[in-house]
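Please look over the sequence and the model below.

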Amino acid sequence: MEILKTSALSIGYDTKTVVSNINVTLNEGDIIALVGPNGAGKSTLFKTFSTHIKPVGGKIELFGKDLISYSPKERAKLLGIVLTERPDDMFLKVFDVVAAGRYPYTGMFGKLTENDENEIKVSLELVGVNHLIDRVFNTLSDGEKQKVMIAKAIAQNTPIIMLDEPTAFLDYPSKIELFSLLKKLAKEQKKAILFSSHDLELLLRYTDNLWIIAKDQQFVAGNSTELLKNGVIKKYFGLKDTDNDYLLK
Amino acid sequence: MKNSKITFGILGIIIVGIALFILNLFVGSVTVPFDEIFKVLLDDNPDKTLSVIIFNYRLPQALTALLAGASLAVAGLLMQTLFRNPLADPSMLGISSGASLGVGIVILLTGAISGTAVSSFGWWSTIGVSLAAFIGAVVVLFVMLAFSSRMKNMTTLIIIGLMIAYLAGSITDILKFFSLKEDIHAFVIWGMGSFSGVGTSKMPVFAISIIIGLVVTFFLSKNLNILLLGEMYAENLGLNLRKNSVIIILVSGYLTAIVTAYCGPIAFVGLAMPHIARFLFKSSDHRLLIPATMLIGMDMALICNLIARMPGFDGNLPINAVTAFIGAPVVISVILKSRK
């Protein structure tokens, strides 16, 4: 099922366009990697999808309706984000962070129902960090923090989750663990997952499709394997023949 | 922290507060015997003079300290969470500076127009000073609201607030330079802060305006909690950032403006009390922090008022000299203790 669709979307700040003419769709169960050099506009795209900034041109549709026609509360139930920034409060607990994901569903004083508490526990279990529930968030390792932020997005119970560089700062085993977690969310929970990453080798293995923002601000979308076979990846990443052959194996 | 521990902590703070409140009634330049307090309060054939001292001076003063302490402390908590800066306090919005400017303008204008000092107008001068302080505070508050409604970035907002505070401060200094000597004295006294300015006659208006503001803060707890994750996350969770910061600045500015108008610019309470609440309860949940901060603010203001009025000081020690003197060691000890 089609969840998100852009038509002739241009993104950027005020009148400065960073990337233009983006035409993509995000479907149920998709796991898509957004790749490109630093500064190409990956974060700008996330900020546009999360309505932190307005598109410079074109349209974004969410379930066939214009993204900006949703109220902030409605949107919060459809699209969850995980960013590179982290809460840094001295006493904020893991439970509190994941509970924040229930914010769009709670009443005026944010009182959690039994159902909310359950969702929080299930989310933590799904990412495998339920033992951290009473810990202070600030005392966790980078990998644990990342998982808790993902648990927050799961507790938010949205059909789309977008993650900005979720594998940065992680060691190799944690990266693999995270990629398989994202794949599991896409395949088992039928969520649409969009994430940015620089780990080309790994993401080719775990994702179906790639969105590439290239240096010349062009936007290319396509099947990961095909993009690799027909040399598009090689071209945009400036890979040597030997490196390309290695990835093709 | 377990629920029972939280209840225990809150109850402890309340009991200390009640004890301090009673102490405030009978300690001062005239010591009221303990049994007389109850005679006066229960109207059991009390001593006339003592009755006047308690009802007209000590009770309103203790109530003022209670309400002002709660207001400034909770206003500080709101600022610290909104700006995600542990050093933020209501003065960062330039509100106290705005109040000072208002007072400065009134003092200069009366001096320049009538040629006499404001203080020579007696009772009217205290009303005039309160009103001027309130108007000055509100004007700065609206300037800050105008900025906050156009900005999402809290760092730029905090810088603008500080600049406005400096600007108002320097204009006040220029005004003072041209003022009469008697008025500068009046201005300095106002700037030292005091809980004795409200009195019985102005108490109803003061109390009702403050209580309304305090009640409203409870409705902000959910949004404040969500802000702890950071602005981008809060926005993604459905929080309207601009609207929310306008409301938080409005509420904390409103409380600060009223307290400053009646009691003068009181420093330190807003900055320090939220930290005591956080470290004491090891929590960042505003549903707990808001009432805890208010209660701790009340206790602290009552302690300060008590010390400022100790018999030896003849009732004249400025509150601002006491708040940091008492408060700073408390904050340091609370932090050190929780670090163990």
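Buried means under 20% relative accessible area, exposed over 50% and partly exposed in between, with a 1.4 Å probe and protein chains only. Helices (H or I, at least four residues) and strands (E, at least two) are DSSP runs, numbered from the N terminus.

This is a predicted model: local features need pLDDT of at least 70, side-chain atom pairs count only at pLDDT 80 or more, and totals for chains, interfaces and linings use all residues. Residues are numbered from 1 along each chain as its sequence is written, chains are lettered from A and ligands numbered from 1 in the order in which they are written, and side-chain values use heavy atoms, with hydrogens and water left out.

H1(A) spans residues 42–49 and is mostly covered, with six of its eight residues buried. The buried set is Lys42(A), Thr44(A), Leu45(A), Phe46(A), Thr48(A) and Phe49(A). Thr51(A) follows H1(A) and has a positive phi, near 60°.

Ser50(A) lies in the loop between H1 and strand S5 (57–62) of chain A. Ser50(A) is buried, at a relative accessible area of 9%. Leaving out residues up to four places away in sequence, Ser50(A) touches Ile81(A) and Asn236(B). Contact here means heavy atoms within 4.5 Å.

**Strand S8 of chain A**

In a regular strand, side chains alternate between the two faces of the sheet. In S8(A), residues 160–163, Ile160(A) and Met162(A) point one way. Ile161(A) and Leu163(A) point the other way, and all are buried. Two strands pair if DSSP finds at least two bridges between them. The pairings of S8(A) are these:

| Partner strand | Sense | Bridges |
|---|---|---|
| S7(A), residues 79–82 | parallel | four bridges |
| S9(A), residues 192–196 | parallel | four bridges |

Which residue stands opposite Met162(A)? Ile81(A) does. On the S9(A) side, Ile160(A) stands opposite Ala192(A). S8(A), helix H6 (residues 172–188) of chain A and S9(A) make a right-handed β-α-β unit. Right-handed means that, with the strands pointing away from the viewer, the path from the first strand over the helix to the second runs clockwise.

**Two helices of chain B**

The axes of H1(B), residues 3–26, and H2(B), residues 34–41, come within 10 Å and cross at roughly 95°. H1(B) and H2(B) are therefore roughly perpendicular (65 to 115 degrees). Ile22(B), Leu25(B) and Phe26(B) in H1(B) meet Phe34(B), Ile37(B) and Leu41(B) in H2(B). The residues of this contact divide into six nonpolar, no polar and no charged.

Methods: Axes are lines fitted to C-alpha atoms, for helices over the stretch in contact, and angles run from 0 to 180 degrees between N-to-C directions. Angles under 35 degrees count as roughly parallel, over 145 as roughly antiparallel, 65 to 115 as roughly perpendicular and the rest as oblique. Ala, Val, Leu, Ile, Met, Phe, Trp, Tyr, Cys and Pro count as nonpolar, Asp, Glu, Lys and Arg as charged, and the others, Gly among them, as polar.
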